[in-house]
Amino acid sequence: MAKEPVRVLVTGAAGQIGYALVPMIARGVMLGSDQPIILHMLDIEPATEALNGVKMELVDAAFPLLMNVVATTDAMVACKGVNIAVMVGGFPRKEGMERKDVMSKNVSIYKAQASALEKQAAPDCKVLVVANPANTNALILKEFAPSIPEKNITCLTRLDHNRALGQLSERLKIHVGQVKNVIIWGNHSSTQYPDVNHATVTPTNSEEKPVRSVVADDNWLNTEFVTTVQQRGAAIIKARKLSSALSAASAACDHIRDWVLGTPKGTWVSMGVYSDGSYGIQSGIIYSFPVTCDKGQWSIFQGLKIDDFSREKMDATAKELVEEKTLAYSCLN
Amino acid sequence: MAKEPVRVLVSGAAGQIGYALVPMIARGVMLGADQPVILHMLDIPPAAEALNGVKMELVDAAFPLLKGVVATTDVVEACTGVNIAVMVGGFPRKEGMERKDVMSKNVSIYKSQASALEQHAAPNCKVLVVANPANTNALILKEFAPSIPAKNITCLTRLDHNRALGQISEKLNVQVSDVKNVIIWGNHSSTQYPDVNHATVKTPSAEKPVRELVKDDAWLNGEFITTVQQRGAAIIKARKLSSALSAASAACDHIRDWVLGTPEGTWVSMGVYSDGSYNAPAGVIYSFPVTCRNGEWTIVQGLVIDEFSRKKLDLTGAELTKEKELAYSCLS
């Protein structure tokens, strides 16, 4: 007996990340190879023809799991009945723009989308904000969609988490599947803190070991590793002349899949979630924490020891998020 | 006990189709969710930095099935040990270029890639040519890699096949997975013949012929055909870029069904070395209906070909013969 289809919304669907993301969703990467999907794709008016082109290609791909496609520039239509919302659409920073200008544009967008989602989405809709500034866009969305449970509004730091795993796998010349439990703390920005203090690696035919002892290079782990992960987005842009779409789309699928289907035993992942004050991080911001997921709910993994080096970095990224929040609110007045 | 990794080459990997294709391969869409893969990505030197960017993103995606990535502009390194080769790289037609010029460029490319594959690929390497002119590029590759079995060299018409399924599903408002057994005959070009005479739709009661359910022969013999034939141009018009997502997806379908087998009662379309079946010209790469089993494709025989279809099969066959002549003239 086939499952009932799940409605998944992708905003900004005519763009780069959308184009990488929709075939992944349609193939079951996000929700499993037995879960039929109805895709809702939203973009702005100028992108109507391109959006329709994407819809045409989805039809042309004859995906067995894809039951229907709704392609629209109307946010109310796009949000109707959606169970999952991946917010990729936003105002990108252009040359010459001040931070306040970018923030202002995105605050307007996320305020409006919050409204549409709140009115139209299915109950218990799970929301993932990808568009930058991801954490603050998610916060604005939360503030203006008060009837969506705050625990349902998250932002993407899984890309940074996966990048951290990737860097360790390259350093240790081991398959990435054998590394786990890095943490991305804080903001999806250059102040993020990629923390390996609780990460482990399981070499082939051997038992699980702390990454720090196997890497045996604290200097690298505390400096170059951190900056490489923090600045990886810029490195991709330099190489490709375009920002990361493939890896961002893949991380969005991982984020939703683990949230909905649960994290593997003994493993946590990083998600930007509404802070409840855990680990001394003030509440009222969307902050990336280590989480486990079970039965469609995330829980912050508690009780991890935080050393002084980490404390400083965790606080610095929190400080930036508080500043962003202040800036965002000033744009609303 | 985990399977041994399979080495998959993608040429032209820094381009649009490559960028859509490599994450699909890395997620198991091409060979199954339990099949580890090692990706070989090849492109030309001007694309080296972009290619490296793709490699970086593959590392950043932390794919559980991806056991290694070789990103190179060296065709020998790229071809070494590969079990599957998806040839996406080719010389695209630019404004003002004559057909002969495009053909000439691609003939050179596929002649040298043939050589590298023949010398360095794993035995029994399966080859899928995507870059246009796909059928003729595949033919050149076959001619210059004589030790690769002719049956291992194919070209992509699965995109057209899937497009045909999609059009029928939209017309009938049914799930595309309930439609099957369309056929794409001939060349992956505007002379391809999308044939629904043997296609069926699963209904609650039984499988029914498409013609019977559509009840509009004029549409099936007219607009449906031209829509499928010209779909590539329609995508370019809408997106201002050619189809990458659907081409990549079709490439995965082509390889997956070839390697893992077609479902019972279902055939697919593949451009394969013609043995003269259905009076198609022998010695060209021609798209036929095939079933696949144990890693081998077999042309579905015995289908009745009506007069209307006969003309169309011959037309696309004639075009392929002309392309072959043009290609050979470029070699002299």
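**Briefing: annotated sites, ring pairs and nonpolar cores**

Setting aside residues up to four places away in sequence, A:Arg93 makes contacts with A:Glu98, A:Arg99 and A:Val102. The structure is a predicted model. In the unreviewed UniProt entry, A:Arg93 carries the annotation "binding site", as do A:Arg99, A:Asn132 and A:Arg163. These positions are spread over 71 residues of sequence and are also spread in space, with up to 25.5 Å between C-alpha atoms.

- A:Arg93 belongs to the loop between β4 (84-87) and α4 (99-120) of chain A. With a relative accessible area of 54%, A:Arg93 is over the 50% limit and therefore counts as exposed.
- A:Arg99 is part of helix α4 of chain A. Its relative accessible area is 38%, so A:Arg99 is classed as partly exposed.
- Beyond four places in sequence, A:Arg99 touches A:Arg93, A:Glu324 and A:Leu327.

- A:Gly12 is buried because its relative accessible area, 15%, is under 20%. A:Ala13 has a relative accessibility of 0% and is likewise buried.
- The contacts of A:Gly12, apart from residues up to four places away in sequence, are A:Gly18, A:Leu42, A:Asp43 and A:Gly89.

**The active-site annotation and A:Thr157**

- UniProt, in an unreviewed entry, gives the feature "active site" at B:His188. B:His188 sits in the loop between β8 (183-185) and β9 (193-195) of chain B.
- Is B:His188 buried or exposed? Its relative accessible area of 18% is under 20%, so B:His188 counts as buried.
- Excluding neighbours within four places in sequence, B:His188 contacts B:Asn132, B:Asn135, B:Leu156, B:Thr157 and B:Asp160.
- In chain A, A:Thr157 occupies the loop between β6 (153-155) and α6 (158-172), and A:Thr157 is buried at 0% relative accessible area.
- A:Thr157 and A:Ile184 are 27 residues apart in sequence, with their C-alpha atoms 6.9 Å apart in space. A:Ile184 is one of the residues that A:Thr157 touches, and A:His188 and A:Ser270 are also among them.

**Aromatic rings and charges**

- Over all chains there are 11 aromatic pairs. The rings of B:Trp185 and B:Phe288 have centres 6.2 Å apart and planes at 75 degrees, so the pair is edge-to-face.
- This pair links distant parts of the chain: B:Trp185 is in strand β8 of chain B and B:Phe288 is in strand β13 (residues 285-293), 103 residues apart. Both B:Trp185 and B:Phe288 are buried.
- B:Phe288 also pairs with B:Tyr286: the ring centres are 5.0 Å apart and the planes stand at 45 degrees, so the pair is tilted. B:Tyr286 is buried, with a relative accessible area of 0%, and the value for B:Phe288 is 0%.
- In chain A, ring pairs join A:Trp185, A:Tyr279, A:Tyr287 and A:Phe289 into a cluster.
- Two charged side chains lie over rings: the charged end of B:Lys142 is over the ring of B:Tyr273, 4.7 Å from its centre, and B:Arg239 is over the face of A:Tyr19, 3.8 Å from the ring centre.

- The largest nonpolar core has 140 residues, of which A:Leu21, A:Leu58, B:Leu21 and B:Leu58 touch the most other members.
- The contacts of B:Leu58, leaving aside neighbours within four places in sequence, include A:Leu246, B:Val22, B:Met41 and B:Phe63.
- Another core, of 32 residues, lies apart from it, and its members include A:Ala116, A:Val129, A:Ala145 and A:Ile148.
- Helix α11 (residues 245-260) of chain B has 16 residues, which at 1.5 Å a residue should span 22 Å; the end C-alpha atoms are 22 Å apart, in agreement.
- Of the 16 residues of α11(B), 13 are buried, so the helix is largely enclosed by the rest of the structure. Just after α11(B), B:Gly261 adopts a positive phi of about 100 degrees.

Terms used. Residues are numbered from 1 along each chain as its sequence is written. Chains are lettered from A and ligands numbered from 1 in the order in which they are written. This is a predicted model: local features need pLDDT of at least 70, side-chain atom pairs count only at pLDDT 80 or more; totals for chains, interfaces and linings use all residues. Side-chain values use heavy atoms; hydrogens and water are left out. Buried means under 20% relative accessible area, exposed over 50%, partly exposed in between (1.4 Å probe, protein chains only). Contact means heavy atoms within 4.5 Å. Helices (H or I, at least four residues) and strands (E, at least two) are DSSP runs, numbered from the N terminus. The expected span of a helix is 1.5 Å times one less than its number of residues. UniProt positions are given in the numbering used here, feature names are shortened, and annotations may be inferred rather than shown by experiment. Rings of Phe, Tyr and Trp (its six-membered ring) pair if their centres lie within 6.5 Å; planes under 30 degrees apart count as stacked, over 60 as edge-to-face and the rest as tilted. A charge sits over a ring if NZ of Lys or CZ of Arg is within 6 Å of the ring centre and within 35 degrees of the ring normal. A nonpolar core is a set of buried Ala, Val, Leu, Ile, Met, Phe, Trp, Tyr and Cys residues joined through side-chain atoms within 4.5 Å.
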